Amino acid sequence: MGNPFGGLSRNQAIGVGVASAAALALGAGLSLLDLSGGNAGDRALQDSDIPALIDDEPETRLSALEAIAEGAPSPDRDRARYLLALLAIEDKQPEVALDYLSSLDDSSLSDWVLWQRARAQRQLGDLEAQSQTLQELLDRFGDRPVAAEALFEIGNGDTTQSEAWQALFARFPTHPRAADAAIARIAATGADKPAALPALRVLIRHHYRSDITDWLDRTVEAHKDALTPEDWQHVAFGYWEELSYRKAGFAYANAPSTSQSRYRQARALQLGGEKNAAIAAYRNAIAAYPTEPETARSLLHLSRLVPEGNSLPLLDRAIADFPDSAAEALYERALALEELNSKTSAQQAKKSVLTQYSESETAAELRWSYANEAAKTGDARTAIGWAQQLVEANPDSELAPEAGFWLGKWRAKIGDAESAEIAFQNVIERYPWSYYAWRSAALLGWDVGDFTTVRDRISQIELPEYRSALPAGSATLSELYAMGLDRDAWAQWQVEFEAVQTPSFDEQYTDGILRTAVGDYLDGIFMLTSLNQFEEPEDRAKFQELRESDGYWLALYPFPYRGVVTLSSQRRGLDPLFSIALIRQESRFVSDIRSVADAVGLMQVLPSTADWITAEKGEPPPIDLTDPSDNVRIGTLYFQYVHEQWDNNSMLAVASYNAGPGNVEDWVDRFGLGDPDEFVRKIPFNETRGYVSSVFGNYWNYMRLYDPAVRSQLEGL
């Protein structure tokens, strides 16, 4: 899968520490565990009082844990004592920690108990006792993920020759500690030395970090003759994930031959600008794997690269041999026939798409193109007919919310107000997560703001108490996660999650949830959003069910940096939910992210703009735009400014934030503001047009999740 959010990888590395007490002390966000589903580990905690404490104030949580810890023997008493021990270690009180841990040898987390005991003994300076505890951990639980911590600790004094680190690489190559050890060993030996190759293999095979491209480059440059086909598979996957397509194409050429690797070789070369090499690679892939699903994609892509007259046999083969791709191939055939001036045959092909493959996404796209063509000529009734067909025949299409909304707009235009209202209500009920649900709600008069009134709306924010069940992973993983020990759960998951390149639906969902839990929002949101790419009927059913779950949407629309965002927004007279909606679109909450234009941080502030706006408004200049407080202070100041420029028209303010006020002024002069929805459709910059709908779609989702008044309206439907 590719990455739609720029240069950072889907598998961007997370700085995982060994201590998780800080997460407990600070609160871990959405907290009440949903135990209606998930694995046995989740269900084992359904009677626990611990998960509901995660988001309490520290003093309240501490008192509650102490009370549970002094109660009658129970699994919750063990959990409370374990958490209190972590807090004691964090507060440099090792004696207190050891006292709490002393009664937990036979608990469900006995392997983790030994590791925390070793940490406390190290704090005490009792290195002999620590050594004995680490050895006991390895003897009793040498196959458990937490044993990686012991191996790392034991080998930390011998960077180049440690047998413990050799065992760490062999047993737990995916554990974050293996990456730490690998980097240390490479630094000690030199990346270009043969002795560094085993450590480099740990990184390129198992750790898709934010700096993975550098490690891949160094590995290929220094050791390309020593790399095995399996190594090349991992190198290629890493480049593919990082959008380094040209490099991925050449790496896949050296990987083991499979239908996927041959297809990706060709596709990567195409995306990397190597047209002739891509054509040859597609032909090789088709010849080698004539019946595999990837061959359908190869035929379609190849048909777009070869001369027009040569594309028809390829498309005919796709239509005949691959039913799932036949609709798209038939439509491509129609376009090719148009280029060859065979208008009648082209029209027949399009008609066949609508009749033979009526429920396909291609049919939905064709219907929507016809609807828009009619609307442009002022033929609202014909546009209504095509939009109605799309909504009825393609209700699961990505275009259905938009078609449903414009169905209402066009019906209102011809004076059918009652049918228009029904259309808007249907959009809200069927597609409550969509931007068009917000537009429908606004036109129905709901208190959700409109383009010109959002500036004056301040949401009443109520933080939901919810923590999704994990459908994949061990009971220990669920136990750690349910207690709010997200970073320890993440480290555990890194060992358990083996099929990184080919995850199941449940594994990808679990990975996405855990990534967002530890603050890797960029990749976590990507993993969760991409669940709609699973095509098996069972997975499609799971996804439809998942979209009915609050936990899924709360993971997609988290509210990090809540205090900073709320304070700065209130200072500027902005709804905090509107600000976080813009931040989600700008940076996916990555505080140190930089764009190719050198925009920095959460709100993607250009240093030059920061200097100008602070001088203009008489505020202190920026200190560090990667600091969330500084970035949001200046980002909201500029957001306030563009609102003032447009008399508090939030649609124009959002467009200006992306494209600049000068471009927006030109568009207003060209298109006017008679119908703001038409204005958005006419924005000539694809990026800005999508940006406007994304920011307001984000805002709507934050309102429906965090504003109890909006939630109440939706529940009343």
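Leaving aside neighbours within four places in sequence, which residues is R117 in contact with? The first legend gives the list; every view is taken from a predicted model.

**View A. R117 in helix α6.** R117 is placed in helix α6, which spans residues 110-124. Apart from neighbours within four places in sequence, R117 is in contact with L98, L101, S102, D105 and T133. Its relative accessibility is 13%, so R117 counts as buried, the cut-off being under 20%. From R117 to Q233 the C-alpha to C-alpha distance is 40 Å, and the two are 116 residues apart in sequence.

**View B. Helices α22 and α23 packed against each other.** Two packed helices are described by the angle between their axes and the distance between the axes. For α22 (residues 380-393) and α23 (residues 400-413), the axes come within 9 Å and cross at roughly 150 degrees. This crossing is left-handed. On the α22 side, the residues in contact are A380, A383, I384, A387, Q388, L390 and V391. They meet A400, A403, G404, L407, W410 and R411 of α23. Sorted by class, the contact has 10 nonpolar, 2 polar and 1 charged residues.

View C. Helix α25 runs over residues 435-443 and is mostly covered, with 8 of its 9 residues buried. Those buried are Y435, Y436, A437, W438, R439, S440, A441 and A442. The cover over these residues includes α23, α24 (417-430), α38 (676-682) and α39 (686-706). Just after the helix, G445 takes a positive phi of about 90 degrees.

View D. S434 is found in the loop between α24 and α25. Its relative accessibility is 8%, so S434 counts as buried. When neighbours within four places in sequence are set aside, its contacts are P401, V427 and W700.

**View E. W700 and the largest nonpolar core.** In soluble globular proteins, nonpolar side chains tend to be buried together. The largest nonpolar core here has 185 residues, among which Y82, F696 and W700 touch the most other members. Helix α39 gives the most to this core, with 10 residues. Not counting residues up to four places away in sequence, W700 touches P432, W433, S434, A437, W438, A441, W446, V448, V710 and L714. A second, separate core has 19 residues, including L269, A296, L299 and L302.

View F. R588 is in the loop between α33 (576-587) and α34 (607-617). R588 is not a glycine, yet its phi is positive, at about 50 degrees. With a relative accessible area of 8%, R588 is buried. Q604 also lies in the loop between α33 and α34. Q604, again not a glycine, has a positive phi of about 50 degrees. Q604 is buried as well, with a relative accessible area of 14%.

**View G. The aromatic pair of Y208 and F237.** Across the whole structure, a search finds 37 aromatic pairs. One of them joins Y208 and F237 edge-to-face, at 5.0 Å centre to centre and with 75 degrees between the planes. Y208 lies in the loop between α11 (197-206) and α12 (212-223), and F237 in helix α13 (residues 229-241), so the pair ties together parts that are 29 residues apart in sequence. Both Y208 and F237 are buried.

**View H. The aromatic pair of W612 and Y641.** The ring centres of W612 and Y641 are 5.1 Å apart and the planes stand at 80 degrees, so this pair is edge-to-face. W612 belongs to helix α34 and Y641 to helix α35 (residues 628-645), so the pair ties together parts that are 29 residues apart in sequence. Is W612 buried or partly exposed? At 38% relative accessibility, W612 counts as partly exposed. Y641 has 14% relative accessibility and therefore counts as buried.

Technical notes: Residues are numbered from 1 along each chain as its sequence is written. This is a predicted model: local features need pLDDT of at least 70, side-chain atom pairs count only at pLDDT 80 or more; totals for chains, interfaces and linings use all residues. Side-chain values use heavy atoms; hydrogens and water are left out. Axes are lines fitted to C-alpha atoms, for helices over the stretch in contact, and angles run from 0 to 180 degrees between N-to-C directions. Helices (H or I, at least four residues) and strands (E, at least two) are DSSP runs, numbered from the N terminus. A crossing is left-handed if the near helix is turned anticlockwise from the far one by less than a right angle, and right-handed if clockwise. Contact means heavy atoms within 4.5 Å. Ala, Val, Leu, Ile, Met, Phe, Trp, Tyr, Cys and Pro count as nonpolar, Asp, Glu, Lys and Arg as charged, and the others, Gly among them, as polar. Buried means under 20% relative accessible area, exposed over 50%, partly exposed in between (1.4 Å probe, protein chains only). A nonpolar core is a set of buried Ala, Val, Leu, Ile, Met, Phe, Trp, Tyr and Cys residues joined through side-chain atoms within 4.5 Å. Rings of Phe, Tyr and Trp (its six-membered ring) pair if their centres lie within 6.5 Å; planes under 30 degrees apart count as stacked, over 60 as edge-to-face and the rest as tilted.
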